[in-house]
Amino acid sequence: MPTAIIYIIWAMATAGWGSALYFLLLAAGIPGIGIAVAIVLLLMGGLYYLQKKILPIVSFVISPLSTLTMVGVGVISWVMVVSSASHITSYGGWDAWAIWNLQAKYLADGTHWQNMFLNTRHGHPDYPLLVPTISAICSRLVPSAGVEVPAFFWSVAMAILVLVLLWLSLRPKSLLVSAWAVYSVVASQYYVTQATAMYADITLACFFLAAIQSLRLLPAGNLQVLLSALCIGCCVWTKNEGTILAGLFTVFHCRTLLLQKRWVMFLSGISLPLTAWCLLKGVYAPANDLAHNFSVASLQQLMQWARYGIIWQHMADTVNAHFGYMRWVIVLYLLVCLFRKRWPTATAWMLAGCMAAYFFIYVLSPMDLNWHLVTSADRLMLQLMPALLYVLIDDGIGNKIAMPQNIFFSRFGMNG
Amino acid sequence: MRNVLPLLLVLLAAMVATAGFIDGRKKGNDQLVLQHSTGLAGVQKYLPAGAHIGFVCTRNDAPTYAACRYVLAPVYLGYRVSLPTDTLLVVNERENGDSLMQQMVASHKLLWQNTYLGYNYYLIAKQ
C-alpha cells in the first residue's frame, strides 16, 4: 500500500474520531474549552501513534511516489475544483439544510443541542452525526463561517479523496486503467453535483472504499485490521446505511478481522465511533422512520412481485443514468472470472450483498415505493460505486503489481 | 514528506473550492433558505437561545417550515400549532393569503413583523 494512502486514511479516521469524541463530550456536559483540549490531545495522540507505531512498520526502502502519480493527484484536484464551481448553491441540496447542516447548527450550540432531537417532522434526528459534528466543531472555532462553509469544504474534500484513493491504489497496477477509472467517476455530472451538495453519501463512500483498500493492500496483521476497523467505525458513525455496510464487511471478512486475537485490534478501531453511535441511538435519537413504521404486515411485501420489478428497473435506470461506466466494468469482470475459471472474491460478493441489502430495504419499505426510490436510490448507489469500481478493477487486473521490491513486501509477501 | 503531498494537495484544492463557494454565496439569491433567512432577519433578538415556539404557515407548506427551521436553529419550531407554546411564528404567503392567519395575528400580541418577497412574517405571543 502506498504510504500516501495511509496518511490519507489516518487523517480521515482522525477526523471521524474527533467528531465522535465531540459528541460524547457534548453529551457528558463538558464545556467547550474542555472539548477543545480533548480534541487537540486526540489529534496529537493520533499523530504520535502514526509516527511512532504505524509508519516504522510500513517504511519502504524505496518510498517516494513517482512524479507522474503526483501530477495525477494535482490534475484530479484541479479538475474537481473547476467542476465544482458551476454546481455551487448557497445552502446545498434539500438534505443539507433540512438534515445535515440543520443538525450541525444545533450541535454547534453547547447548551441547546438536544433540541435537534425534537425535529421529527421533515427531519431525521436519528441519523448518525459524523458530518454534522465536524461542521459544528469548525463553526465553533470560526463562528463567522457558519456551518455551511466547513460542510462544503468537507464535502468537496471527501469527493476528491475518493478519486485520489482510486488513483493511488490502481496506479501501480496500470496507468491506463487507473486514469480511465478516475475519469469515469469525475466525468459524471451527478458525482460533481453530489460533491457540492453537502450530503453524507460521498463521505460514506470514501470511508467504505478506504476500509476495503486497507484490507486488500496491507498484508495480514494488526495494522490491516486497525485501519479497516477505523474506517468501518466511521462508516457506522456517518449514515444508517453505514451500519449495514459495516456489518456485511465484518461478516464477509471475519476470518481476517476477528480470528487469532485480531478482534482486539478490530474492537479498538471501531470503539469510539461505535460508542458514540450507541449513545446516540440508545439515549437521544428517536426511532428511525423506516424501522418505526415497519410491521409484520410489511413482510407481506416480500410476495408482491411487482415491487421487485419496479425496484430493479429503477436501479437499472439509475446506474445507466449516473454510473454508466459500471455496466462495462461488471460485464468485463464477469468475463474475466469466466476466463480464469474463478469465482468472484469475497469482497466482490460482499458488495453484491450490500446491493441486495439495499434492494430488500426497498422491498420491505413501509413508505410509498416510487417516492422512496426517487429520493434515495441514486445516493445509495453512489455509496457503493467507488468501492465496486475499485474491487472489480483490482480483481480483474489481478496481482500484477509494478512496484519496487522493498523490506515490507519481501518480509510479509504480496497479498492483494 | 513526499508521501504527505497528496493529502496536502487535496486539502488545498478543497480550500480553493471553498473560497469559490464563499464568493458565490455573496452573489447568489437562489434558494428558499436564503429568501426566508432575509425575511426572518431581526427576529432572533426576540427569541432566547434554545427557545421552543410554534410555527404556522400558509398551506402548512413543508419546504417553508424546513427553511424557517434551518434559519432559526437552535431555536425549535414546533410544526403547526400543536405545541402548547406562548409564542408563534406565522409565515403568510400574500398571494395565497389565509384570513384565519390574519385573525390569529390580530388576536395575539405582535412582537415583531417583516415583509419580504411575497411573504409576511409575524412573531406573536398570547395576550
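I looked up what Leu24(A) touches: leaving out residues up to four places away in sequence, I get Leu272(A), Thr275(A), Ala276(A) and Leu279(A). This is a predicted model, so I'm keeping an eye on confidence.

Next, where does Leu24(A) sit? It lies in helix H1 of chain A.

Buried or exposed? Leu24(A) has a relative accessible area of 19%, so it counts as buried, the cut-off being under 20%.

I also checked a distance to Gly242(A). That residue is 218 places from Leu24(A) along the chain, and the two C-alpha atoms are 19 Å apart.

Then I turned to the helix pair. H1 of chain A covers residues 3-27 and H13 covers residues 263-284; their axes come within 9 Å and cross at roughly 40°. That angle is why I've put H1(A) down as oblique to H13(A). For handedness, I noted a left-handed crossing of H1(A) and H13(A).

Which residues of H1(A) meet H13(A)? I listed Trp17(A), Ala20(A), Leu21(A), Phe23(A), Leu24(A) and Ala27(A). From the H13(A) side, the residues they meet include Ser268(A), Gly269(A), Pro273(A), Leu280(A) and Tyr284(A). Sorted by class, this contact between H1(A) and H13(A) has twelve nonpolar residues, four polar ones and no charged ones.

Last, confidence. Chain A averages a pLDDT of 89, and 94% of its residues score at least 70. I flagged residues 400-416 of chain A, where pLDDT stays under 50. For that stretch the model has 29 contacts beyond four places in sequence.

Key:
Residues are numbered from 1 along each chain as its sequence is written. Chains are lettered from A and ligands numbered from 1 in the order in which they are written. This is a predicted model: local features need pLDDT of at least 70, side-chain atom pairs count only at pLDDT 80 or more; totals for chains, interfaces and linings use all residues. Side-chain values use heavy atoms; hydrogens and water are left out. pLDDT is the predictor's confidence in each residue, from 0 to 100. Contact means heavy atoms within 4.5 Å. Axes are lines fitted to C-alpha atoms, for helices over the stretch in contact, and angles run from 0 to 180 degrees between N-to-C directions. Helices (H or I, at least four residues) and strands (E, at least two) are DSSP runs, numbered from the N terminus. Angles under 35 degrees count as roughly parallel, over 145 as roughly antiparallel, 65 to 115 as roughly perpendicular and the rest as oblique. A crossing is left-handed if the near helix is turned anticlockwise from the far one by less than a right angle, and right-handed if clockwise. Ala, Val, Leu, Ile, Met, Phe, Trp, Tyr, Cys and Pro count as nonpolar, Asp, Glu, Lys and Arg as charged, and the others, Gly among them, as polar. Buried means under 20% relative accessible area, exposed over 50%, partly exposed in between (1.4 Å probe, protein chains only).
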